[in-house]
Structures are given as structure tokens and as C-alpha cells.
Amino acid sequence: MPHAKSTDIVVTPLQHDTNKKTNFGAIITGVDLNELDEESFQKLRTAVYTNNVVIIKGQKDLLPSKQFDLVRRFDPDCKPSHGFGYGKSTAELGPTGKKPFYLIPDSGGVTLVGNGYQGPDHYGLKEVTMSGFSHTDFNCEPLSEEQLAAGHAKFVHFHFDGIMYDSHPSRVTTFRCVKQPKGPEVTLHVGDEAGSTMKVQPGSTAFINCAQIYDLLTEEEKKIADNSYWEPAPHPFGWSGTRMMTSNGLGVAPGGETVPLDKLPHWEADKVFKYPLVWLNPVTGEKGFQIMPQCVRKLYLRSSPDEEVREVEDPEEIRVWLNGIHERIVKPEYILVPSCEEDDMVVWNNWGITHSAIEYPPSYGTRAMHQCHIASSTAPLGPTPVPA
Ligand SMILES: [Fe+2]
């Protein structure tokens, strides 16, 4: 679709089933991301922040370098490289550090993620065979090999994209679907009290709207959320040590040990940033409750800007408080697992969404996705400033 214009862009919000409470997501057509003029980009940017997750159809010929350019346009002052630190290990990144990063040559900072054999030459990557992330590295109650092979799955782990040390999370993440596995729907075990399951397309990603988490807070909790902030540990995913996630992939499970701060790879206190508990959507101003429980070493709680801050360092108090909030949202009615087809480009507001991969049986074949996020040049803003 050469020379597409902004007037060609059609944004269609997803129609959710009547049993769903999800209020986000849209399909976009009429975009050529290889030739995106400024007016079209602005229209797309507004659509991303208004709908939080968008699926842009028809991007078969998208060049990886143009995908990278797209992410940069959301943050022109960013340092142009992929948001994950290359060469880092499990000591910094936890289980995520187990997997090699497959940077697509000459892309600027687009990585190949997926599963299975990627062919003799995938955009310059030769003879790559991948294994995707597994919930068994994170979940306190993992499924068996047999259950996985039979098409059962759990969330790998909910997160937003960023290493959270000396680096702010990316403003948006992009994910182009190059190859989808083929097979029956996967039975996703949600991990809620009701024991709910969802049938989902194999090779898909789950999204939760952090604005909907905020909406589920009590009025008193909203006051606390609006005025409080949190601090990740240095190298937080490594620091999280032997702790595991709860069955729903969003909470920290009881037990396990964090790594003592003096046993972590080198770190500096001024590279550990504090973040608001509530992040404002850059376009709509909507409030989202945005925190990764597995990263949090300290909470700084207060109900108004004038109140004295209560510092909470007890991991059990942090764990129980956050789990109590997050358990309200990890239910089928709030979880969006959009249909994603080959040649689709998914773009989401990484400052307003938390997401998780969902495994599928390797027998369904190769999955190939081109993924890009870039550390933001600025921190997200909350309703009240975070003291330095
Ligand atoms: Fe991610």
C-alpha cells in the first residue's frame, strides 16, 4: 500500500463479548509503516494512547529498520538501541537473561522472539532455532510437560518492558507477527480463585489495562495510589532470586529468597529510579496503577502530598498488599488476548498496559515475532511528583 495518507487510516475499537469487561484494543487499517508521514504518525500515536493496544493490519513488507524508526518516533530523544541490555545475564535479568537476544542485523534494535526453527536465513539471522520463555521459570505451580504438550498453558509472567535499572521502561512496544504456530486453541489457566480457563489462539499475548486496575481500587486506595511511589531493587529481575510468581502470573508467591544487595552485579544508588504508583496516559490523562510486583524493593506510601511518607521495605507486606489489588484484575473478563495474524503489527502503550506471553505446544510449529522497545528518555509522570 504505497503512499497511504492519514485519511486512509481507519481505527476500529475491538468489539468485546458481552461477558467481557475489557475496555481497550483496536484494529487499524490503511497504514503503511514503511512510509509513514507525520500526519499519519500523529493519528496512529493518538490511536495507540486512546486504545492502549492496537493491531495494525497488512504489514507484511515492513522493514525491521522502519519498525525501529516507529518506536523512536514515540520518543525522539531516546537512545537508539533495544530496551534490553545486550550481554546481560540472569544475574541482572533473572530468567529472561537465560535466552540469547537475536538482534536483526541492520534493524537498529529489533529482536527476533519466538519459538522453533527460523529457517536458513531470517532477515540475516542464520540457522536460528529458538525456545520461547516458559511459565515454568516463573510460576510457583507450573504445569507438567504432559499438560503443556496437550495444549494447556499459564501466563509466563505479567510485566511491562524495561530492565528497570538505570533505564526507564519503553513508552511503547511493537510486535510484528511474521509467523504464527498452527494448531488448536490453547487452554489458558488464568490462576484465579474460580479456577477459570480461557481458550486462546496459540502464540498469542495477553494484555491487562492498568487503568482498569486503578478503577478497581477503593477510594481510599486511590488516594494512596495517587500520592505514593515505589522503588525497584537494583537489577530487580536478578534480585528477585528464587522467588516465584503466583499462579496468575501477576503476583509474587510466598517463599523464596531475594539476592542480598551486596551480592548483585555492580550497581549505583543514583541509577535506581523511583516511580509513581499511578502513571498518567500521555494523551488521555487516564490514570493506571502501574507496578511490577516482582521488582519492588520499597514502597513509599502516603494519602496526600502533605502527609509524611511511610516507607515499606518488608517484602511480605509489599507482596500481600499488591497481590490483594492485582487478584481483582486477573480474571477472564479483564484479560484481552487479541487475535493476531501473520503480517499484523501490534503496538501497545507500555506505560499503561501489563502483558504476558502464553506458551503453546512446540508441535504446533515455529513462531516468529519482530519485537522492539526502547528505554524511554524520560520517566512516566504520576498525578503528584515523585521526590528525588
Ligand atoms: Fe514483554
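Reader: Hi! Which residues of helix 8 are buried?
Author: In helix 8, the buried residues are L322, I325 and H326. Buried means that 20 or more other C-beta atoms lie within 10 Å of a residue's own, exposed means 12 or fewer, and partly exposed is in between, with C-beta atoms placed from the backbone. This is a predicted model: local features need pLDDT of at least 70, side-chain atom pairs count only at pLDDT 80 or more, and totals for chains, interfaces and linings use all residues. Residues are numbered from 1 along each chain as its sequence is written.

Reader: And where do those three sit around the axis of helix 8?
Author: They are on the same side of helix 8, because they cover an arc of only 90 degrees around the axis. The arc is that of the directions from the helix axis to the C-beta atoms.

Reader: What is on the face turned away from the buried side of helix 8?
Author: That face carries the exposed residues E316, E317 and G324.

Reader: What covers the buried residues of helix 8, then?
Author: The cover includes helix 5 (210-215) and strand 17 (287-289). Contact here means that the C-beta atoms of two residues, placed from the backbone, lie within 7 Å. Helices (H or I, at least four residues) and strands (E, at least two) are DSSP runs, numbered from the N terminus.

Reader: How far does helix 8 reach?
Author: Helix 8 covers residues 315-326, which is 12 residues, and reaches 16 Å from its first C-alpha to its last, close to the 16 Å expected at 1.5 Å a residue. The expected span is 1.5 Å times one less than the number of residues.

Reader: Nice. Which residues of helix 2 are buried?
Author: In helix 2 (residues 64-73) they are P64, Q67, F68, L70 and V71. The buried residues of helix 2 fall within an arc of 155 degrees seen down its axis, so they line one face of the helix. They pack against strand 10 (172-179) and strand 22 (367-373).

Reader: Is strand 21 buried or exposed?
Author: Mostly covered: five of the five residues of strand 21 (353-357) are buried. I353, H355 and A357 lie on one side, T354 and S356 on the other, and both faces are covered. Strand 13 (residues 205-209) runs antiparallel to strand 21, joined by five bridges, and N209 has I353 as its bridge partner.

Reader: Quick one on L148: where is its place, and is it buried or exposed?
Author: L148 belongs to helix 4 (residues 145-149). L148 is buried because 20 other C-beta atoms lie within 10 Å. Leaving aside neighbours within four places in sequence, L148 is in contact with L143, E359 and P361.

Reader: Last topic: how many helices and strands are in the chain?
Author: Eight helices and 22 strands. The radius of gyration of the chain is 20 Å, close to the 21 Å that the globule rule gives for 388 residues, so the chain is as compact as a globular protein of that length. That radius is taken over C-alpha atoms, and the globule rule is 2.2 Å times the number of residues to the power 0.38. Of the 388 residues, 46% count as buried.

Technical notes. Two strands pair if DSSP finds at least two bridges between them.
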